[in-house]
Amino acid sequence: MRLTLYDLRRLAGERKLATLTCYDASFAAVLDAAEVDMLLIGDSLGMVIQGHDSTLPVTVADVAYHTRAVVRGAPRPWIVADMPFGSYQQSPQQALANAVALMQAGAQMVKLEGGAEMAATIKFLVQRGVPVCGHVGLTPQHVNAFGGYRVQGRGSGAEAVRQAAAAVEDAGAAMLVIEAVPEPVASAIAAQSRSLTIGIGASADCHGQVLVLHDMLGAGLGKRPRFVRNFLEGTGSIPAAVRSYVAEVRAGRFPAAENVYPEMP
Ligand code: KIV
């Protein structure tokens with residue numbers, strides 16, 4: 001039986017939630033067998049699958065294609081599909097049309113990046129039956145505006161991340177990815193949040209964690225970010241690596257101090 005939002009909220013009261021990105025049926029089956037709670041068909045596929053240097057070239061058709069494959073391979077986890085750059089920023093109506101395409105491909109929730117500027121769109125989607133996951137902090141679709149993949153929310157920037165999280169939550173997002181922000185900032189957001197917070201380079205205090213699958217198997221391209229641990233090292237097989245990730249996340253042992261960002265570098 002596929003997990004529901006109700007199940008995830010209940011589980012989050014008992015332990016941390018383990019999420020991984022996934023893009024195909026074979027890996028989906030491995031992740032399902034290891035009882036990963038949520039699979040994210042991330043627009044990171046533009047980088048790890050397609051070889052681009054950002055997520056920007058990814059299309060709705062790309063995410064829908066990979067979502068269909070993942071759903072076939074994994075009957076248990078909650079399925080979240082990323083809304084690609086340009087597929088939701090124009091209007092709530094544009095966002096709804098593209099969210100429908102992703103849900104018809106098998107997603108149960110869509111994820112989009114941004115803060116207060118996306119609130120009306122999130123509300124519009126939620127009121128029409130589309131569960132939404134927000135994404136604040138380092139939002140990779142803003143790489144050109146940020147001038148690179150940089151930690152967000154340091155010093156006076158913390159308030160902007162806090163406000164973005166509050167706006168997304170108030171608009172009705174049931175879940176919130178917090179990426180690459182100082183640990184104390186992420187921890188404070190998680191403590192106050194009514195949404196399920198999912199951290200990546202954020203805080204062990206979030207309700208759950210997410211990593212890009214290729215990164216946690218040591219197959220990421222480029223420099224390894226601080227928030228990544230290679231779970232294949234020392235475990236010896238992909239299923240064992242995924243089981244280790246699930247166990248470490250559930251127990252709150254991942255991320256460790258070396259996988260999160262201090263207030264000041
Ligand atoms: O696209 C993606 O993989 C993501 C995660 C890094 C959260 O958005």
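Buried means under 20% relative accessible area, exposed means over 50%, and partly exposed lies in between, using a 1.4 Å probe and protein chains only. The legends describe a predicted model, in which local features need pLDDT of at least 70, side-chain atom pairs count only at pLDDT 80 or more, and totals for chains, interfaces and linings use all residues. Residues are numbered from 1 along each chain as its sequence is written, and side-chain values use heavy atoms, with hydrogens and water left out.

**View 1. The largest nonpolar core and Leu211.** A nonpolar core is a set of buried Ala, Val, Leu, Ile, Met, Phe, Trp, Tyr and Cys residues joined through side-chain atoms within 4.5 Å. The largest one here has 88 residues. Those with the most contacts inside this core are Leu8, Leu20, Leu39, Met175, Ile178, Leu211 and Tyr245. Leaving aside residues up to four places away in sequence, Leu211 has contacts (heavy atoms within 4.5 Å) with residues including Leu20, Ile200, Phe231, Tyr245 and Phe254.

View 2. Rings of Phe, Tyr and Trp (its six-membered ring) pair if their centres lie within 6.5 Å; planes under 30 degrees apart count as stacked, over 60 as edge-to-face and the rest as tilted. The whole structure holds three aromatic pairs. In one of them, the ring centres of Phe231 and Tyr245 are 5.4 Å apart with planes at 85°, so this pair is edge-to-face. Phe231 is in the loop between helix H10 (213–216) and helix H11 (238–250), and Tyr245 is in helix H11, 14 residues apart. Helices (H or I, at least four residues) are DSSP runs numbered from the N terminus. Tyr245 is buried, with a relative accessible area of 0%; the value for Phe231 is 3%. The rings of Phe231 and Phe254 have centres 5.3 Å apart and planes at 80°, so they too are edge-to-face. Phe254 lies in the segment after H11, so its pair with Phe231 ties together parts 23 residues apart in sequence. Both Phe231 and Phe254 are buried.

**View 3. Arg128 and Phe124.** The charged end of Arg128 sits over the ring of Phe124, 3.6 Å from the ring centre. The criterion is NZ of Lys or CZ of Arg within 6 Å of the ring centre and within 35 degrees of the ring normal.

**View 4. Side chains at the ligand.** A polar side-chain atom of Lys111 lies 2.8 Å from a ligand oxygen atom. For Asp43 the distance from a polar side-chain atom to a ligand oxygen atom is 3.0 Å.

Definitions and conventions
Helix = DSSP H or I, 4+ residues; strand = E, 2+ residues; numbered from the N terminus. Polar contact = N/O pair within 3.5 Å; in protein donor to acceptor, adjacent residues only side chain to side chain.
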